[in-house]
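Student: I should like to work through this structure by question and answer. May we begin with the terms that are needed?

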Amino acid sequence: MTVEGVYVYAIIRAGRPLPTGAGGVGSPAAPLRTIRQGRLAAVVSEAPPKLRARRRDLLAHQELLLRLSAEGPVLPMRFGMVAPDEETVRGRLAADEADHIAALERLSDGVEINVKALPAQNALAELVAEDKKVRRLRDEARRRPGYEASLRLGEAVATALQSRAAEAGRRILRELTPMARAVAPGPDVQGCVLNVSFLVGRGDSNDFHRVAERFADTHRTHVELRLAGPLPCYSFVAAEATHARTAGV
């Protein structure tokens with residue numbers, strides 16, 4: 001599929017300079033520019049033909065957003081947002097100016113940190129010691145080995161690991177929420193008992209990481225935590241602001 005039009009990376013306040021030496025998607029990297037309308041500007045480039053979610057382009061998109069967000073609030077677009085022309089972009093900026101200005105104010109000096117929680121996979125000894133049902137089924141499987149006994153034991157272990165991780169996920173959510181300006185649940189992810197993003201002040205992100213990592217270490221026999229961030233604040237932008245189409249990616 002050939003993509004033509006204006007590739008939109010982000011919306012920022014008008015007048016902000018672009019990061020020195022930054023480039024866009026495509027090979028070679030597309031030159032960046034801004035489309036200004038009132039108090040807002042969209043960071044854009046020409047949309048390259050046959051745009052796909054190639055690693056180089058995904059990284060270029062993400063790197064630009066990180067550099068922009070390091071210098072001020074940004075409304076980030078997901079990879080592959082393309083508007084048919086500049087007039088469409090200006091029209092959307094004009095129509096939604098008040099909402100976008102409010103969103104930029106809300107995100108000022110903020111970053112997104114995503115937390116995923118998964119069952120701990122190397123805690124069988126602790127699980128057997130703590131869970132009477134698992135211990136009983138293990139003993140039965142040793143006395144009368146066979147497919148059914150192994151199946152019952154495996155199911156009990158998986159259920160117990162999931163339950164322990166879910167409880168730990170609820171605890172870490174309660175612990176981290178007061179440190180955040182806002183919390184946004186993410187989509188279900190296979191294998192995860194928790195997928196949540198937090199809007200955190202840039203200056204508070206190190207403390208946030210320390211608290212989460214200390215919790216993960218203390219509860220390592222119950223849950224595995226995976227933290228990502230600081231990230232652009234994707235989860236705290238209410239809508240894709242330009243109403244552009246997503247390229248075939």
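Tutor: Ala, Val, Leu, Ile, Met, Phe, Trp, Tyr, Cys and Pro count as nonpolar, Asp, Glu, Lys and Arg as charged, and the others, Gly among them, as polar. This is a predicted model, in which local features need pLDDT of at least 70, side-chain atom pairs count only at pLDDT 80 or more, and totals for chains, interfaces and linings use all residues. Residues are numbered from 1 along each chain as its sequence is written, and side-chain values use heavy atoms, with hydrogens and water left out.

Student: How many charged residues does the lining of the largest cavity have?

Tutor: A cavity is a set of points on a 1 Å grid over the protein atoms alone where a 1.4 Å probe fits but cannot get out, and lining residues have an atom within 4 Å of a point. Among the residues lining the largest cavity are Leu65, Val74, Leu107 and Cys233. By class, this lining holds eight nonpolar residues, three polar and, as to charged ones, none: no charged.

Student: Which strand gives the largest share of the lining of the largest pocket?

Tutor: A pocket is an open set of points with protein on both sides within 12 Å along at least five of seven lines. Of the 16 lining residues, Glu112, Asn114, Lys116, Ser197 and Ser235 lie nearest the centre of the largest pocket. Strands are DSSP runs of E with at least two residues, and helices are runs of H or I with at least four, numbered from the N terminus. The largest share, four residues, comes from β9.

Student: Why does the distance between the end C-alpha atoms of helix α7 agree with its number of residues?

Tutor: The expected span of a helix is 1.5 Å times one less than its number of residues. Helix α7 has 14 residues (205-218), so it should span 20 Å.

Student: Is Asp109 buried, partly exposed or exposed?

Tutor: Asp109 lies in the loop between α3 (97-106) and β6. Although Asp109 is not a glycine, its phi is positive, about 60 degrees. Its relative accessibility is 44%, so Asp109 counts as partly exposed.

Key:
Buried means under 20% relative accessible area, exposed over 50%, partly exposed in between (1.4 Å probe, protein chains only).
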